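Welcome! Let us take a friendly walk through a protein, starting with the whole and then stopping at a few places along the way.

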Amino acid sequence: MPNLSDYGFIPTMLPEGASGIPARVTAVHKERYDIVCEYGHTCARLKTSIFFGESHEIFPTTGDFVLISYNSSGDSQILKTLERKSLFSRRDPIPGRGEQVVAANFDYVFIMVSLNFDFNVRRIERYLTLSWQSGAIPVVILTKADLVEDFTEQVRAVERIAPGIDIIAVSAKTGYGMDELSDYLKPGKTIAFLGSSGVGKSSLVNALAQEEIMAVNSIREDDSKGRHTTTHRQLIMLPNGAMIIDTPGMRELGMWDVRIGIGEAFADVENFLGKCRFSDCEHRSEPGCAVKEAIARGELSEKRWKSYLQLKREAAYSENKTRLSQKKTTRSKSIAQRQKKKRENSGYVYE
Ligand SMILES: Nc1nc2c(ncn2[C@@H]2O[C@H](COP(=O)(O)OP(=O)(O)O)[C@@H](O)[C@H]2O)c(=O)[nH]1
Ligand SMILES: [Mg+2]
């Protein structure tokens, strides 16, 4: 029988006076959840009176620790989602529903970019912002190292935008560099894989597990386009006890709210802020601008400054959009309430 502490559970996660036994969600299907608890791997559903009642209980996602009422002869019932230490969220594809959490409780994020076609520093900056925002520690994994002869330039380019962050080049095909992942792939630790389709996430999982756990994208022979192997997000335990959650790429994840992550991902840039001669400096052409001076001295790259500004603009945009949609929901709610009142006042029974 499994021990939930092997899955990263710590007893202090339990809220005081909580009832139910702890479990971890390993996959989310339409209405059912795959979970693991002290009795083994089983299926569970949400307890309707709790999740669809007045209490606004948080819906669980892959990686979540939950409390369940165990049923040995059928689906167990999920009673509560425990507090998360990290999460990836995106705007819910269903308008008006706000945020949707897609993975939770991971210790590290492997930002995966392939060394052959996918390599793009600006994309890595975005992934880093998302990762810092998640609450976990990012590591940059450069994949398909066997396809390029020399990648010192790429490593240097990442070092410039990710100071202090581990950068590891690997090949799932030859096994190159995989030993270096062992600092992170520790028993009980959970790693979220972040990267576009085709960078080799599934291949790395398979190479680490030394078996075909995940379907690898095949290339269609006729038009050489990558085929999307769509599977649900799964938490997989490797033979050594480390766990992996395969998360969707950034396009699917979106930049939901980058306000929190930008400061960490661009600490080197923000270092120059607040040091200009004028406190309201807009860093355009004002004299004594610390940012422009840093760029002139070569201490800050113009490109990095531009991508910082771009992400700031996007953050402001997403903030506005969120506010707008919140306003809209409150407005449509109050319209609905008014209509309900009208109906009640008219004495006519609609229901
Ligand atoms: N040469 C080489 N090809 C790889 C490597 N890793 C993955 N691939 C190939 O890249 C394609 C996409 O891999 P996949 O693991 O499905 O990517 P995912 O979409 O990120 O899960 C497949 O054709 C793999 O065979 C690698 O390290 N070296
Ligand atoms: Mg895959």
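Here is a short report on the structure shown above.

## Before we start

This is a predicted model, in which local features need pLDDT of at least 70, side-chain atom pairs count only at pLDDT 80 or more, and totals for chains, interfaces and linings use all residues. Residues are numbered from 1 along each chain as its sequence is written, chains are lettered from A and ligands numbered from 1 in the order in which they are written, and side-chain values use heavy atoms, with hydrogens and water left out.

## The whole protein

The protein has 9 helices and 13 strands. These are DSSP runs numbered from the N terminus: helices are H or I with at least four residues, and strands are E with at least two. Of its 351 residues, 43% are buried. Buried means under 20% relative accessible area, exposed means over 50%, and partly exposed lies in between (1.4 Å probe, protein chains only).

Take the contacts (heavy atoms within 4.5 Å) between residues at least 6 apart in sequence: 64% of them join residues at least 24 apart.

## Two loop residues

Glu-57 sits in the loop between α1 (48-51) and β4 (65-69). Glu-57 counts as buried because its relative accessible area is 17%. Beyond neighbours within four places in sequence, Glu-57 is in contact with Ile-50, Phe-51, Leu-79, Lys-80 and Thr-81.

Asn-120 belongs to another part of the chain, the loop between β8 (108-114) and α2 (121-134). Asn-120 is partly exposed, because its relative accessibility is 30%. The side chain of Asn-120 reaches the backbone nitrogen of Arg-123 at 3.1 Å. Between the C-alpha atoms of Asn-120 and Gln-154, which are 34 residues apart along the chain, the separation is 9.1 Å.

## Around the ligand

Which residues are closest to ligand 1? They are Asp-146, Gly-198, Lys-201, Ser-203 and Asn-217, out of 16 residues that surround ligand 1. A residue counts here if one of its heavy atoms lies within 4 Å of the ligand.

A polar side-chain atom of Lys-144 lies 2.9 Å from an oxygen atom of ligand 1. For Ala-172, a backbone N or O atom is 2.8 Å from a ligand 1 oxygen atom, and a polar backbone atom of Lys-201 is 2.8 Å from an oxygen atom of ligand 1. Taken alone, ligand 1 exposes 580 Å², and the protein buries 83% of that (Shrake-Rupley method, 1.4 Å probe).

Terms used
A polar contact is a pair of N or O atoms within 3.5 Å; within protein, one must be able to donate a hydrogen and the other to accept it, and residues adjacent in sequence count only if both atoms are side-chain atoms.
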